[in-house]
Amino acid sequence: MIATPDLIESLSKNLKPIRRLRPPVTRAACWLLLASVVVGLLAVSQGFRPDLATRIYDPSFTAGIIGAILTGVLAAVAAFLVSLPDRSRLWLLLPAPAVALWLTNVGYQCLGDWVSFGTDGVLIGEATRCLATLVLTSLPLSLAMLVMLRYAAPLRPTAVTCMGSLSVAAITATALSLFHSGDATLMIIMFNIGTAVMFVGLGGLFGHRIMQWIAPRPAIRD
Amino acid sequence: MTERNGHPPQLRLVGGGKAGSAGPEPTIRDTDWAILMAHAQDGDRSAYQRLLWEITPYLRSLATRRHRDPSDVEDAVQDILLTVHAIRHTFDPTRPFGPWLVTIANRRFIDRLRRQGRRRDRETPLTSEHETFSEPQANLEERLDRHELEKALDELPPMQRKAVQLLKLKEMSLKEASMASGMSIASLKVNVHRAVKSLRKILGDRSES
């Protein structure tokens, strides 16, 4: 073990000027810009669902989409705020109202028009295309957020990855609802609650380890 | 710095070297430390060194509340210093320094205590009872087997007995055994080979039976 005075000596001797982080809200906005670019590109390549024009007048569908988008935005802001050591953990509650709006409307949609909850509900061809949308949206966004928040690894890795995953899940659910016509109850649940549970669960389970892996190494000589 | 002009000089007690839990608690000098950190972010080495020197007693007093073992306390302090160094770009000079530092310290303490807890569940510390000795007196439970082996060893020619005792029972290397006995390495090899062969005959080869 190196003695503490020696450690201080070598840390200060090898000090290099660094660039301060931009304010968390600005950085969250940058990430959300990336998210909108990804979703926009997917909209160009895959096209919106054919019945979007009629569905948009369904208040519960629209409220669900707005709730999902709000969840994505607020959870991203919360993730960037909570990643900093001097911000309160209470910011974790920021996306809660949006989550409530999103999930209650999803539930309402399911109860309101209980359509074909059977084998017709899920089409295999559609399901694989859904999977493609899911991966294409979530993968770049998750990686970008991971890199942007890697300094949070020694601080609050689990809370930050859960918030980040919630944001990615909400944006992915929005993309799925916009591009794929799956109004069967099973599809709606899969699109929304499935993605949310999957991403937040993965974030909670593996977030800590992934963060450790990508964390900035506290090297004495850097 | 300049803003302290006009104020009475600030009295501060710092526990010298190793601050015990009963020692006086160093105060947080928030504004000074924030200014020092801001300079350090711009690459000012002396400011950084002063900052680290000043926060160390404070961190040590925080660490003594969580850890009892002095080496744990020092490890924890160094862990925090390294973390502060690794993520010093996350400090915003317009915000107070104290909460920033205390959160980092607390997170590192919790991680360290968790890791220690996990290790305690999985590993057993090595005590003097676990140590083994080459001297027969220490290994009481092996007495029965040993007795039989010793009897067999007594039947061996003296050169072979010596080779087995040094190389197999005391687990010396060939070089060490050669130094201890005065026999050449080649003769040690031959003797130990013959000894093992005849021991096998005396004790009865278990793999064949």
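Visitor: Is A:Phe48 buried, partly exposed or exposed?
Guide: Burial is read from relative accessible area, with buried meaning under 20%, exposed over 50% and partly exposed in between (1.4 Å probe, protein chains only). At 48% relative accessibility, A:Phe48 is therefore partly exposed, whereas A:Phe179, with 3%, is buried. This is a predicted model, in which local features need pLDDT of at least 70 and side-chain atom pairs count only at pLDDT 80 or more, while totals for chains, interfaces and linings use all residues. Side-chain values use heavy atoms without hydrogens or water, residues are numbered from 1 along each chain as its sequence is written, and chains are lettered from A and ligands numbered from 1 in the order in which they are written.

Visitor: How many aromatic pairs are found over all chains?
Guide: Rings of Phe, Tyr and Trp (its six-membered ring) pair if their centres lie within 6.5 Å, and planes under 30 degrees apart count as stacked, over 60 as edge-to-face and the rest as tilted. The search of the whole structure gives six such pairs. One of them joins A:Phe48 and A:Phe179, tilted, at 5.7 Å centre to centre and 50 degrees between the planes. Since A:Phe48 lies in the loop between helix H2 (24-46) and helix H3 (52-55) of chain A, and A:Phe179 in helix H7 (residues 157-179) of chain A, the pair ties together parts that are 131 residues apart in sequence; helices here are DSSP runs (H or I, at least four residues), numbered from the N terminus.

Visitor: Why is the pair of B:Phe91 and B:Phe97 edge-to-face?
Guide: Their ring centres are 5.3 Å apart and their planes stand at 75 degrees, so the pair is edge-to-face. B:Phe91 is buried at 1%, and B:Phe97 is buried at 0%.

Visitor: Which residues have the most contacts inside the largest nonpolar core?
Guide: In soluble globular proteins, nonpolar side chains tend to be buried together. A nonpolar core is a set of buried Ala, Val, Leu, Ile, Met, Phe, Trp, Tyr and Cys residues joined through side-chain atoms within 4.5 Å. The largest has 84 residues, and those with the most contacts inside it are A:Trp31, B:Ile55, B:Leu59, B:Leu81 and B:Phe97. H7(A) gives the most to this core, with 13 residues. A second, separate core of 13 residues includes B:Ala163 and B:Met183.

Definitions and conventions: Helix = DSSP H or I, 4+ residues; strand = E, 2+ residues; numbered from the N terminus.
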